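I want to look up the surface first, then the charged pairs, then the overall picture.

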Amino acid sequence: MCETQKTVEKQPPTPTIEVTGKAIRQQAPKAGVIRVPIEGKASSQETAWGKFQDAVNRLREQVGEFGTVGNSLPTESSEEVSRGLRSGTEFTVTDNIEVEFIPANYGHILDALVACGLPISAPRFTYEEQTEVTPELLAQAAAAAKVNAEAIAAGIQSRLGRLVSINVGDPFRKRVYRPQHEVEWNFGDVNRSVSLVNSLFLAEDKLETFNTEIQVTVEFEVIELLSVSETA
C-alpha cells in the first residue's frame, strides 16, 4: 500500500511597513539673567561713587521680590574734560550687574529697568540639562508615525493591519534661536506692559532656546485591499 503525501503550501509572509514619527516641544527655561550697565559720573570721586550706589539701590528697590540683583564689583576711571572756559577731571564709576529672575517675572524686570531709566539688553536663559519626555510628547510622536503609515498604505491601495513592533528613540536637545515674541509665549503669566514695547530693540535673533525632540518608529502589517471582482 502506498501512502500519498500531502504537501502544504506555505503562505507568503504578510508584508510590513516601518515608519517614523517625531514630536518637538520647546524646552521652557528655568531662569533668566539680564546684564544691566550702571554708572555714576561726577567731578569728584565721592560724588561719582554716591551716584553709582544710588542707582544700584534704586534698581534693587524696583526689582523687589521679582528677581535677584547680583553683587557689584565696580571700576573707577577718570578723564580730563573741558566745559567752555573751564576744565577739570570727571570721575566715572561703572559696573555691569546681573539681575536674575524666573521667566514668569520677566515683564516685571523690564518694568523695573524702564522705571530706573536703564538700557535693556537681550536676556540669557538657562535650561535643565536633562531633557524631559512627557506622555503627551510620546503620544504625539506615535500618532504622527501612524498617520505616516496610513498615508503610505493608502497610496498602495492597502490598509494597516496588526502592529508588529514599536521603538522609542532616545530624546535629544536641539539648540535653536527664536525671536523674542515666540519665546515669551511659553513663559506663563508674563506681565505684558508698556515696557515690552520699549524692549523691541532686543537682539531677537540671538535669543537661545532648546527643543526636546522624540522619535517613535512603528511597524505595521500591510493588508492589500481586494477589488470588487475578487470579493464577488
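Before the surface entry I noted how patches are built: they take residues with over 30% relative accessible area and no salt bridge, joining like charges within 9 Å and nonpolar side chains (Val, Leu, Ile, Met, Phe, Trp, Tyr) within 5 Å. Areas are Shrake-Rupley values with a 1.4 Å probe, and for residues only the protein chains shown count as cover. A salt bridge needs a side-chain nitrogen of Lys or Arg within 4 Å of a carboxyl oxygen of Asp or Glu.

This is a predicted model, where local features need pLDDT of at least 70, side-chain atom pairs count only at pLDDT 80 or more, and totals for chains, interfaces and linings use all residues. Residues are numbered from 1 along each chain as its sequence is written, and side-chain values use heavy atoms, leaving out hydrogens and water.

**Surface.** I found a nonpolar patch of about 190 Å², made by Val 133, Leu 138 and Val 168. Val 133 sits in the loop between strand S6 (124-126) and helix H3 (135-155); helices (H or I, at least four residues) and strands (E, at least two) are DSSP runs numbered from the N terminus.

**Charged pairs.** I counted four salt bridges in the structure. Glu 98 pairs with Arg 35, closest N and O atoms 3.4 Å apart. That pair links distant parts of the chain, strand S5 (residues 86-101) and strand S2 (residues 31-42), 63 residues apart. Glu 98 also meets Arg 124, at 3.9 Å from N to O. Here S5 is tied to S6, because Glu 98 lies in the former and Arg 124 in the latter, 26 residues apart in sequence. Next I looked up Arg 162, which bridges to Glu 221 at 3.1 Å, N to O. Arg 162 is in strand S7 (residues 158-168) and Glu 221 in strand S9 (residues 208-224), so this pair ties together parts 59 residues apart in sequence.

**Buried or exposed?** How covered is Glu 221? Glu 221 is buried, at 16% relative accessible area; buried means under 20%, exposed over 50%, partly exposed in between (1.4 Å probe, protein chains only). Glu 98 counts as partly exposed at 32% relative accessibility.

**Whole chain.** I noted six helices and nine strands, with 34% of the 232 residues buried. Mean pLDDT (the predictor's confidence in each residue, from 0 to 100) is 83, and 79% of residues reach 70 or more. Over residues 188-201 the pLDDT is below 50, yet this stretch has 23 contacts beyond near neighbours in sequence, a contact being heavy atoms within 4.5 Å.
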